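Below is a report on ring pairs and helix packing. Please keep the sequence and the model open while reading.

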Amino acid sequence: MNHDLYIKWIPPPTNWLKLNLDGAVSVLARLAGCGGVLRDHNGNFLGAFSAFLGDCSIMTAELRAILFGVKLAIQKKIANLIIESDSSSAICFIKLGCPKSHLCFSLVEEIRNLAGVIPEVVWSHAWREGNLLADSFAKHALSCQVPLVSFDSVPSFASIAFYTDKSAFSTAVSEAPDPCENRCGGGGRRLWNGFGVDDIFEGEGCGECWI
């Protein structure tokens with residue numbers, strides 16, 4: 001039986017900033033991209049990026065997004081930051097550590113070391129439907145295929161997602177089994193938006209299936 005969930009982007013507390021990050025992989029083209037967006041407690045746009053990554057796994061794309069985001073935060077000298085991703089596995093790796101045998105070990109360690117430069121950091125997981133603005137920048141990276149593009153204002157391709165978040169609009173979604181259950185038994189779950197599935201896969205299941 002499906003249960004409707006109402007999910008929206010949640011702004012950070014006053015005097016904090018939030019950095020939303022996402023990775024996207026085109027399974028058919030075997031290409032990946034990532035993106036991120038920085039906002040304040042009023043939802044004001046403070047900067048964003050899109051980065052084309054070439055051929056890599058969804059886990060690598062999610063972690064690369066976080067790495068670019070951390071570097072952006074350091075560049076802007078941010079003191080209080082919430083870093084939010086819809087990859088629960090990536091967030092767990094950063095918070096709890098990554099096995100040395102894992103292909104992403106060195107990437108995770110680089111992120112953890114760099115994040116130590118930021119005075120106050122909170123790591124947070126968001127459902128995909130609460131991360132749509134970051135998703136638009138990740139998908140833009142797939143279409144433009146430029147190594148790294150920075151944005152000082154909201155671009156046209158992201159305007160709908162941006163103003164949707166600003167108006168605190170909620171999207172109703174239904175739960176469906178994560179594809180991970182059919183591949184590794186990870187027991188994760190994915191949110192089905194009712195519009196069908198294209199070749200862009202943005203959930204990671206247990207984090208092992210898509211490496």
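## Aromatic pairs

The structure holds 7 aromatic pairs. Rings of Phe, Tyr and Trp (its six-membered ring) pair if their centres lie within 6.5 Å; planes under 30 degrees apart count as stacked, over 60 as edge-to-face and the rest as tilted. Helices (H or I, at least four residues) and strands (E, at least two) are DSSP runs, numbered from the N terminus.

Phe45 has 14% relative accessibility and counts as buried. Phe162 is buried too, at 6% relative accessible area. Here buried means under 20% relative accessible area, exposed over 50%, and partly exposed in between (1.4 Å probe, protein chains only). Phe151 and Phe157 also pair: their ring centres are 5.8 Å apart and their planes stand at 75 degrees, so this pair is edge-to-face. Phe151 is buried, with 12% relative accessibility. Phe157 is partly exposed, with 31% relative accessible area.

## Basis of the values

This is a predicted model: local features need pLDDT of at least 70, side-chain atom pairs count only at pLDDT 80 or more, and totals for chains, interfaces and linings use all residues. Residues are numbered from 1 along each chain as its sequence is written, and side-chain values use heavy atoms, with hydrogens and water left out.

## Ring cluster and a charge over a ring

Ring pairs join Phe45, Phe137, Phe151, Phe157, Phe162 and Tyr163 into a cluster. Arg39 sits over the face of Trp9, 3.8 Å from the ring centre. The criterion: NZ of Lys or CZ of Arg is within 6 Å of the ring centre and within 35 degrees of the ring normal.

## Helix α1 against α3

Helix α1 (residues 58–75) packs with helix α3 (residues 105–115) at an angle of about 20 degrees, with axes 10 Å apart. That makes α1 roughly parallel to α3. Angles under 35 degrees count as roughly parallel, over 145 as roughly antiparallel, 65 to 115 as roughly perpendicular and the rest as oblique. Axes are lines fitted to C-alpha atoms, for helices over the stretch in contact, and angles run from 0 to 180 degrees between N-to-C directions.

The α1 and α3 crossing is left-handed. A crossing is left-handed if the near helix is turned anticlockwise from the far one by less than a right angle, and right-handed if clockwise. On the α1 side, the residues that meet α3 include Leu63, Ile66, Leu67 and Val70. Their α3 partners include Leu107, Val108, Ile111 and Leu114. Contact means heavy atoms within 4.5 Å.

## Helix α2

The buried residues of helix α2 (residues 88–96) are Ser89, Ala90, Ile91, Phe93 and Ile94. They pack against α1, β5 (80–85), α3 and β6 (120–125). Just after α2, Gly97 has a positive phi of about 100 degrees.

α2 and α3 pack at about 65 degrees, with axes 9 Å apart. The crossing is right-handed. Phe93, Ile94 and Leu96 in α2 meet Val108, Ile111 and Arg112 in α3.

## Val108

Which residues does Val108 contact, leaving aside its neighbours within four places in sequence? They are Leu63, Phe93, Ile94 and Cys98. Val108 lies in helix α3 and is buried, with 0% relative accessible area. Val108 and Lys95 are 13 residues apart in sequence and 9.7 Å apart in space, C-alpha to C-alpha.
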